Amino acid sequence: MSQVEAATRRWFGAEVASVGVINRLVMAPILQGQRGWRWWAVLFFAAALSLLMLVTAIWLFGHGIGIFGNNTTVVWGFPIANYVWWLGIGHAGTLISALLLITRQKWRASLNRFAETMTLFAASLAGLFPIFHLGRPYYLYWLAPYPNVMGLWPQWRSALVWDIWAVGTYIIFSAVFWYTGLVPDLAMLRDRAKTLWVRRFYGVFALGWRGSARHWLIYERFYRYMAAMAVPLVVSVHSVVSLDFAASLEPGWQDTIYPPYFVIGALYSGFAMVVVIAGILRWALNFQAIITVAHFEVIGRVLLAASIVMGVSYASEWFWAWYSGARAERELVSFLFTGAYAPLYYCQLLFNVVIPQSLWFSAIRRNLPLLMVIAVVINIGMWLERILLIWSTLGRDYLPSMWRLFLPSLWDWAMLLGSLGLFLLLFILFVRILPAVSAHELRALLLEGKQA
Amino acid sequence: MPPVTTGRVGGAIELRRREALKLLAAGMATALAGCGKPNEEIIPYVEMPERMAAGDPLRFATTLALSGYGRGVLAISVDGRPIKLEGNPRHPYSMGATDIFCEATVQSLYDPDRSQVARRAGVPASWDSFLAEWNEVAGQARTSAGLGLVTGRVVSPTTLRLISELQKRFSSLRWYRYEPVNDDQARTGARLAFGRAVAVIPRLRDADVVVSLWADPLGAGPPQLRQANDFAHRRGGPRPQRHYVAEPAWTLTGAAADWRLPARPENIRRIASAIGGHLGSGQPTMAMPPEETAFAAKAAADLTASRGRALVLAGEGMPAEVQALCHWLNASLGAPVDIIADPDPVADSHADSLETLVRDMRDGRLSTLIIADANPVYDAPDDFDITQAFAAIPFSVHFGSYLDETAAACHWHLPQSHVLESWGDSRAVDGTASLIQPLIRRLYDSRTCDEFFALLEGVPAPNGRELVRETWQAKAHGDFEAWWRDSLERGIIPGSAPSPLVIAPAAPKPSEPAGGPASLTLVLGPDPCLWDGRFANNAWLQECPKPFTRQVWGNAVLLALGDADRLAIADGDEVQIAVGDALATGTALRMPGQTTGVVAASWGSGRKLTGEIARNVGDRFIGLGSRAFARVLVQVSIKTTGAQRPFYSTAEFSRLQGHAEELFPSVLLAAADEPPAKESPPPSLLGTPPRGDYAWAMVIDTNACIGCSACVVACQAENNVPVVGPQEIAIGRDMHWLRIDGYGLPGKEADRYGFQPVPCMHCELAPCEPVCPVGASIHDHEGLNVQVYNRCVGTRFCEANCPYKVRRFNWFAYAGDQAYANQGEVPMKAQHNPDVSVRGRGVMEKCTYCLQRISHARRNAEKENRPIGEGEVVTACQAACPTRAIHFGDLNRPQSEVTQLRQSPRHYTLWAELNTRPRTTYLKRVYNPPRSKT
């Protein structure tokens, strides 16, 4: 066994002897048609939560934004936090695909498909929240530059307008990138489908892919260019989202560290979510042979690095608040540590910075259940970070007479849980319709090792 | 506009089928006859009369009474609907300003909860059926004894005339008049001092030193507007007054003081004696704590030094002997006071009147009881057990605006017309008479008090206007019609004030305050927003934050910090107060700066029966004590029940401690004229926005502001600001465009407190503007930061980025179909100012500097082809302010008031370092303490 082959074998289980095994493993959940009771149970659970989200949305549009807990001082609340959080999760997929593709980290092949799917779903969900957040959601289109008789145009200095463009571009790009990578696998599904309609279904979307050398050449080139475009885009999206906060006058928001801090935060929560999803898929779809402990080990390192950056970012906030001498900034930091939300803030620090330090140990990185628990904790911590960012700054800015706390309503929670349910629903349908890992890229990786 | 209709029929009506059909037929007939057309001949609008352009507001002078005493107002009426009240500058007890009660009166006019029909035992009936029954009863009442009449304080010449005619017709008539917020101690004190019924009116304007012994001349009440005006005149003038205030709990006067001493009531009495002793009254000097001794010595020295321009005031919480002592002190100091014959002709004290009433009811001396515009069932102490006394009365009639507690206890209830629907007259505190004229036809089948008394007397169809004219025809000289027209136009009757008397008070008798161990003392008084409870159903007043607690929708039991700690009572704890056998529960609130050993609570809340707004809001404390309307109750015990109560407040008192240094700077008088370090705005990358023809700006003088909240309610009335209700307040959603921030001054929270009204800052470099994605928040060419409601999509980024948090969001359709309680009902809509948009759900709104008033002035100026003049635009808050603390004008004019004030050494900008360059700026508070106390 050559050195290269050994390097590639790291990413496969022992039973992956040939590309045929890969194909069978990847196609099994789609074409074998066995739906266990667990799948149905999860489907119903997810559907029920999705229904909760639908009911909440209907109630929201009927009764107004007042059903949430927002108040005159803390005018932003859950929808904005949920938006930033989901969008952050939506970062890992494209980043894993594109950045790792460019840097030739071939092990990405086991992860990129479902990570990209996660991106697509999460970013789309995130895109809903600004609509739920609006006082008059039916005028959402006013944020778009469309020709109208009044000659009105969006107000381009507003970070929210930048945001729409950034997120819109990202969602469209992610969808195209995801679909491009999917085409060879769709063709394989077409070719293996047992019934006419299934064949036609996959056939339409396979765009006549025959796997000729010319096809592969065009594909590889196109995919690489897309990846090259994707990397700056990933960085730009959360940078722009961070400007919603940084391009303001508020203490704790008006901070130049925000763009990189948000991008790293997004990566962090995204990778954590990848761990959770990978762990579940591996078990539920019998992917132990193609999603290996080695994969988790690598992601564990990424998480560790990100957690250190987050810690440094938090510390820099404290330092600059102290060093600037600005009263409002200092008061805000002291409020974080001693105010009404202090327990939540300590949880945030614990979840995002302290607990992930255990990933220094290889044994913990390779311990799947433990790693998944840490990943969930990180996701909770990142959500807390986003909500506290809003609550603390808005609730404690310049004039103490208007300092107020935020009391979440049941609808706030319903919307958050509902969005998790919808995400789950979309995912559980996805794994039964499309290959959850990229068969053709796994094949390439395996063959590459063998040829060497 | 559609005619005003009520949209609902109150209460449960039992109808038989025939009656229902009759009503249906009658209703159809009326509908066919036309909606709301009057019976008299009317003249079509073929040629537009002068000044009567449709949609143009007209102003009419009228008078509003508070506890009987009138304050002149100008009612703004648009197309026959009064929409706003402003002060009448000609009236001595308005001076062009209003208080919160004046401002809120227009809300109560359109209150759907107002009583709309006569009721017999709660069932709708007619005035005719009442009259039929009354005539029967009256036949007996005239001969047999036992007819009682209960009213509030009456100083109206017409009402007094009608009562005396009633007394003539029914020789047995016993008239009980009482007012919960009364001047019993002052009257008794004046009688002790002068030997006759006189009213003593201080002229604050002429005093250099004022010592207030728990007197609250700046607090809510009939003389507030005048006293506040006088106070501000001196405070802003070249020789500022010095105010000494000793008080157990916070009052507005205490907050305005240069030296405020929190003291127990009995110690304030000792201070009075000590001051008397220093000034040679022969009062014994009694032992008291060192702070009190120092206060008394310094005050006495200052009074002596300013002889002729020194004034001592005693509040209603001080007993009659102290009042008499103060009269003697004032006389010996040559204090600026006017002594007039008491406008209130009834000699009995108010508390005695109520006690006599209950005794007479109980003893069977009354067979018929008429209660006109009074609510004894709510007002009387629990000890009187007045509900039971009512049961003994064979025929009782309640005449009033609401189906209140007393209405429920009476056989008949008759609806009273609102003051804006009424003809009448009134007298101010100094006796100046003025007329009341209606602004709108009666919304319901109601009568004015005068008409009601005339009906009782037997006049078949009395007309309020004729009754008033009858009174004055006898008194006016010369051409009556010209006099009448002139009096209505001016809003006062010139020369109607009695001339001051020149009488000397008797030497005071030495008195010793009741001894005994120092016990927990409960001090009571009128609510700053609800008064004695008569305004309880007014949603604007319920939602108007109280001056110190910023509490809305309820009242609190205020505890000194020391007591709260000792008793382990926290904010929001339910507490039970026991005074003798009487018990009351309330919501506790810790109050810095309150005297240890003193618990404070207010009357006016805890109404059980009234409209939807007041029902079960707050707690009733007026029932405590064995003597009616007692303001000091001793030997009080207080304990927690263990329960927690929701507490609705728009800001926490304690939170503002320690921030005053930067946000509410103050200077000592000696340093007030020193120019501060020249501050120029920091540079900005955004550049300075170009200035248009005008540059509107506002300067608020925190030194003049007394925190009365008139501006808050005025803004609400002018700008169609909706009420949100307690649940929304609990979440933290208030809608007031103008709020008043209160600051306890650092380290001296017991001594000092200041108010800072905060409207929109109209920043030149407004942080709200660049963040709006749709350009709904924009700058206009006159420097206003305007909000385009139609364009707003509700991202709320503007409010998030506002350092002053002055923007308000319509979380629900507060002004539409999601309005609080009865606020969305049809009559309420008639109050809306047609020049201001009613905002819908999901849009941001905020202070506009009363843009509609600027537009109005601009239209007038453009018609005459001239620029808008100085003082031509008066914002609603500015117009209401009794101390003229709010200044508004054009910064482009070098000579304008605001330009001048911006040069003042006291001028400062809120959060100037943010470089938002606000157009709303402030003047610092000035303290003028005596030398040793700095």
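Author: Two strands pair if DSSP finds at least two bridges between them. Bear in mind that this is a predicted model.

Reader: How many bridges join S2(B) and S3(B), and in which sense do they pair?

Author: Strand S2 of chain B covers residues 69–78. Strand S3 of chain B covers residues 81–87. Val78(B) stands opposite Arg81(B) in S3(B). The two strands are joined by 6 bridges, and the sense is antiparallel.

Reader: Which residue in the turn between S2(B) and S3(B) has a positive phi?

Author: S2(B) and S3(B) form a hairpin, with 2 residues between them. One residue in the turn has a phi of about 50 degrees, and that is Asp79(B).

Reader: How many residues of S3(B) are buried?

Author: The cut-off for buried is under 20% relative accessible area. S3(B) is mostly covered. The count of buried residues is 7 of 7.

Reader: What is the strand order in the open sheet that holds S5(B)?

Author: The sheet has 7 strands, and its pairing is mixed. S5 (123–125) and S7 (174–177) of chain B have a single partner strand each, so one side of each lacks a neighbour in the sheet. The twist averages 20 degrees from one strand to the next. The order is S5-S4-S16-S15-S14-S6-S7.

Reader: What angle does the direction of H11(B) make with that of S7(B)?

Author: Helix H11 of chain B spans residues 350–362 and packs on the sheet. H11(B) touches S6 (147–151), S7 and S14 (368–372) of chain B. Its direction and that of S7(B) make an angle of about 135 degrees.

Reader: And H15(B): what angle does its direction make with that of S14(B)?

Author: Helix H15 of chain B, residues 449–457, packs on the sheet too. Its contacts are S6, S14, S15 (395–400) and S16 (412–415) of chain B. With the direction of S14(B), the angle is about 160 degrees.

Reader: Which residue stands opposite Arg120(B) in S5(B)?

Author: S4(B), residues 118–120, pairs with S5(B) in the antiparallel sense. The pairing has 3 bridges. Opposite Arg120(B) stands Val123(B).

Reader: Which are the edge strands of the open sheet that starts with S24(B)?

Author: That sheet has 7 strands in the order S24-S19-S23-S20-S22-S21-S25, with mixed pairing. Each edge strand pairs on one side only. The edge strands are S24 (632–633) and S25 (636–644) of chain B.

Reader: Which residue of S23(B) stands opposite Thr521(B)?

Author: S19 (521–525) and S23 (598–602) of chain B run parallel. They are joined by 5 bridges. The residue opposite Thr521(B) is Val598(B).

Reader: Which residues of S12(B) lie on each face, and are they buried or exposed?

Author: All 5 of the 5 residues in S12(B), 310–314, are buried, so the strand is largely enclosed by the rest of the structure. S9(B), residues 209–213, pairs with S12(B) in the parallel sense over 5 bridges. On one side are Ala310(B), Val312(B) and Ala314(B), on the other Leu311(B) and Leu313(B), and all are buried.

Reader: Which helix gives the most residues to the lining of the second largest pocket?

Author: This pocket has a volume of about 1,300 Å³. Its lining of 38 residues divides into 29 nonpolar, 7 polar and 2 charged. Helices H2, H3, H10, H15 and H16 of chain A each supply at least two. With 10 residues, the top contributor is H16(A).

Reader: Which residues of chain B does Ser158(A) contact?

Author: Ser158(A) sits in the loop between H6 (112–133) and H7 (159–192) of chain A. Its relative accessibility is 0%, so Ser158(A) counts as buried. Beyond its sequence neighbours within four places, its contacts are Pro770(B), Val771(B), Cys772(B), Pro773(B) and Phe797(B).

Reader: What is the relative accessible area of Arg550(B)?

Author: Arg550(B) lies in the loop between H18 (539–542) and S20 (557–560) of chain B. Its phi is positive, near 55 degrees. Arg550(B) is buried, and the value is 5%.

Key:
Residues are numbered from 1 along each chain as its sequence is written. Chains are lettered from A and ligands numbered from 1 in the order in which they are written. This is a predicted model: local features need pLDDT of at least 70, side-chain atom pairs count only at pLDDT 80 or more; totals for chains, interfaces and linings use all residues. Side-chain values use heavy atoms; hydrogens and water are left out. Helices (H or I, at least four residues) and strands (E, at least two) are DSSP runs, numbered from the N terminus. Axes are lines fitted to C-alpha atoms, for helices over the stretch in contact, and angles run from 0 to 180 degrees between N-to-C directions. Contact means heavy atoms within 4.5 Å. On a 1 Å grid over the protein atoms alone, a cavity is a set of points where a 1.4 Å probe fits but cannot get out, and a pocket is an open set with protein on both sides within 12 Å along at least five of seven lines; lining residues have an atom within 4 Å of a point. Grid points are joined across faces, edges and corners, and a volume is the space filled by probe spheres set on the points. Ala, Val, Leu, Ile, Met, Phe, Trp, Tyr, Cys and Pro count as nonpolar, Asp, Glu, Lys and Arg as charged, and the others, Gly among them, as polar. Buried means under 20% relative accessible area, exposed over 50%, partly exposed in between (1.4 Å probe, protein chains only).
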